[in-house]
Amino acid sequence: MGLVGAGSYEYEKDYVFATVETLNRDTHLFQYKPDDFDCIILDEAHHSSNNIYTKVINYFKPKLFLGMTATPDKRDDNQDGKIITKVQCTGIPYSCIKW
């Protein structure tokens, strides 16, 4: 297992735990190919309409992208295209997110 964030940069591990704030920087993001991961679990998925999150979401092409949140009703000020229920993330089961 490796960590990418908080001053650690263990890119070449079988399982990587990364902060989106670190991973969205090109220096770190481009350490990986878009299909390097079979599964990506995104915590705090209610933030996925944020530019930092969308950059990471749009870059990777895993077989499963699982978004998890304790606040699925969170909205981003109801801005057009920023409402969390309208963010396009393929492979995220509706029943898991309960949007």
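1. Which residues in the largest nonpolar core touch the most other members? They are L23, Y32, F60 and F65, within a core of 15 residues, where a nonpolar core is a set of buried Ala, Val, Leu, Ile, Met, Phe, Trp, Tyr and Cys residues joined through side-chain atoms within 4.5 Å, and buried means under 20% relative accessible area with a 1.4 Å probe, protein chains only.

2. This is a predicted model, in which local features need pLDDT of at least 70 and side-chain atom pairs count only at pLDDT 80 or more, while totals for chains, interfaces and linings use all residues. Residues are numbered from 1 along each chain as its sequence is written, and side-chain values use heavy atoms, with hydrogens and water left out.

3. Helices (H or I, at least four residues) and strands (E, at least two) are DSSP runs, numbered from the N terminus.

4. Y32, with neighbours within four places in sequence left aside, is in contact (heavy atoms within 4.5 Å) with V4, E10, Y11, V16, L23, F37, Y59 and F60.

5. Strand β4 (residues 39-42) has I40 and L42 on its covered face and C39 and I41 on its uncovered one. Four bridges join β4 to the parallel strand β5 (residues 64-67), pairing being assigned where DSSP finds at least two bridges; C39 stands opposite L64, and I41 opposite L66.

Key. Buried < 20%, exposed > 50% of the residue type's maximum accessible area, 1.4 Å probe, protein only.
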